[in-house]
Amino acid sequence: MDVSKVRDQFETFVQHASEEEYNVLSAILTGLQQKQEGNFRTYLSAITDVKPKQLENGDYEISCPIQPLIENPLKMVHGGMTATLIDSTMGGLLISKLPENQSAVTVELKVNYIRPGIGSHLRCVATILHQGKQLSVVEAKVYTDKNHLIATGTGTFFTITKK
């Protein structure tokens, strides 16, 4: 890797950055540092600052602040980010129910968008509909900070043995 090229790119960006671009860069750098320190398992979860939580009823929740990094040009959460939040929450729930030597991968994902993702954060809650030996079906609902439902999703997951 050419470190000097990265430094040059960084300097050029910083010299011409708007306040919003500084904020986005700060969020990305904070996320990268958090990942480097081992506080997150993936770069995406780190730079989007997601907060997972196992709920008392057995469901699983991930909350995510709405920030320019995940918005589309209309200043609402990009649909792909909403789908990623749904997929991550459903997968996180299922993986939390599996033995240590197993994991799960998505084989099918369906998302229904209901209203725009706007506000301060999104909260996604997932519930297992069926957990089989190989295939499981999970559903999720995404809410705004005002508890408005913005999207629902279902997913089919295949259980694998970790190598």
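**Note on the predicted model**

1. Lys 75 is placed in the loop that runs between strand 2 and helix 4. The model is a predicted one, and in it the phi angle of Lys 75 is near 65°, a positive value in a residue that is not glycine. With a relative accessible area of 46%, Lys 75 is partly exposed. Because Glu 20 belongs to helix 2 (residues 19-36) and Lys 75 to the loop between strand 2 and helix 4, the pair ties together parts that are 55 residues apart in sequence. Glu 20 is likewise described as partly exposed, its relative accessible area being 38%.

2. A positive phi is also found at Asn 147, where the angle is near 65° in a residue other than glycine. Asn 147 sits in the loop between strand 5 and strand 6. Its relative accessibility is 47%, so Asn 147 counts as partly exposed.

3. As to overall architecture, the protein contains four helices and six strands. Read from the N terminus, the order of elements is α-α-α-β-β-α-β-β-β-β. The C-alpha trace spans about 55 × 40 × 25 Å along its principal axes. Of the 163 residues, 33% count as buried. Among contacts with a separation of 6 or more, 58% are made by residues 24 or more positions apart.

4. Strand 4 has pairing partners in both strand 2 and strand 5. With strand 2 the pairing is antiparallel and extends over six bridges; here Glu 61 stands opposite Val 125 of strand 4. With strand 5 the pairing is again antiparallel, over nine bridges, and Leu 122 stands opposite Thr 144 of strand 5. Strand 4 and strand 5 make up a hairpin, with three residues between them. In a regular strand, side chains alternate between the two faces of the sheet.

5. The largest nonpolar core has 25 residues, and the members that touch the most others are Leu 85, Ile 86, Met 90, Leu 122 and Val 142. Two or more residues each are contributed by strand 2 (60-65), helix 4 (79-96), strand 4 (121-131), strand 5 (135-144) and strand 6 (149-161). Helix 4 provides the largest share, namely five residues.

6. Apart from neighbours within four places in sequence, Val 142 is in contact with Thr 82, Leu 85, Ile 86, Leu 122, Arg 123, Cys 124, His 148, Leu 149, Ile 150 and Ala 151. Among these partners, Leu 85, Ile 86 and Leu 122 are listed with Val 142 as core residues that touch the most other members.

7. Side chains of opposite charge can pair when their charged atoms come close. The structure holds four salt bridges, and a network of them links Lys 53, Glu 61 and Arg 123. Between Lys 53 and Glu 61 the closest N and O atoms are 3.9 Å apart. Between Glu 61 and Arg 123 the closest N and O atoms are 3.6 Å apart. The latter pair links distant parts of the chain, with Glu 61 in strand 2 and Arg 123 in strand 4, 62 residues apart.

8. Lys 53, at 44%, is partly exposed. Arg 123 has a relative accessibility of 23% and so counts as partly exposed. Arg 123 is also one of the residues in contact with Val 142.

9. At the surface, a nonpolar patch is formed by Phe 10, Leu 29, Leu 32 and Tyr 43, which together have about 370 Å² of accessible area. Tyr 43 is located in helix 3 (residues 43-48). At a relative accessible area of 53%, Tyr 43 is exposed, the cut-off for that class being over 50%.

Terms used. Residues numbered from 1 in each chain as written. Predicted model: local features only at pLDDT ≥ 70, side-chain atom pairs only at ≥ 80, totals over all residues. Heavy atoms only, no water. Core = buried A, V, L, I, M, F, W, Y, C linked by side-chain atoms within 4.5 Å. Buried < 20%, exposed > 50% of the residue type's maximum accessible area, 1.4 Å probe, protein only. Contact = heavy atoms within 4.5 Å. Patch = residues over 30% accessible without salt bridge, like charges linked within 9 Å, V, L, I, M, F, W, Y side chains within 5 Å. Areas by Shrake-Rupley, 256 points an atom, 1.4 Å probe, with all protein chains shown as cover. Salt bridge = Lys/Arg side-chain N within 4 Å of Asp/Glu carboxyl O. Pairing = 2+ DSSP bridges.
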